[in-house]
Amino acid sequence: MFETDFSYKSSTPLPPSVSINTALRLLHDFETINRLNPDVRGQKPIIPKNALPKPNGSANCNANSLGQVQYFEVEDDLPFIPKKLWSGGVRYQADFIPLDEGCDITIHAP
């Protein structure tokens with residue numbers, strides 16, 4: 001089997017009329033973030049097999065976290081791969097931590 005690294009990014013600028021507080025409220029709502037992502041087919045909260053330690057005192061969690069780690073199973077389309085090569089999507093676990101200035105999302109994908 002081969003190993004590879006891959007990075008994919010998409011962004012949508014917010015209108016100038018959106019305040020910082022409104023943007024932060026949006027970034028603290030992981031389900032809304034996913035619904036706004038055109039590549040997400042679906043999502044559901046899960047209880048993970050290998051959970052991250054809880055914030056507050058953990059070396060793996062940011063000291064600026066506002067809440068507990070939330071876990072989701074997410075299913076994405078893979079629009080950057082030609083349908084002839086892969087017509088399905090991918091399912092993965094996403095660990096979401098709301099932070100003072102946004103959020104931290106860790107993806108565990110195959």
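Which residues form one aromatic cluster here? They are Phe30, Phe72 and Phe96.

Some bookkeeping before the details. This is a predicted model, where local features need pLDDT of at least 70 and side-chain atom pairs count only at pLDDT 80 or more, while totals for chains, interfaces and linings use all residues. Residues are numbered from 1 along each chain as its sequence is written, and side-chain values use heavy atoms, with hydrogens and water left out.

Now the rings. Searching the whole structure gives 2 aromatic pairs, a pair being rings of Phe, Tyr or Trp (its six-membered ring) with centres within 6.5 Å; planes under 30 degrees apart are stacked, over 60 edge-to-face, and the rest tilted. For Phe30 and Phe72 the centres are 4.8 Å apart and the planes at 45°, so this pair is tilted. Phe30 sits in helix α2 (residues 30-36) and Phe72 in strand β2, 42 residues apart. Helices (H or I, at least four residues) and strands (E, at least two) are DSSP runs, numbered from the N terminus.

Phe30 has 3% relative accessibility and counts as buried, and Phe72, at 3%, is buried too. Buried means under 20% relative accessible area, exposed over 50%, partly exposed in between, with a 1.4 Å probe and protein chains only.
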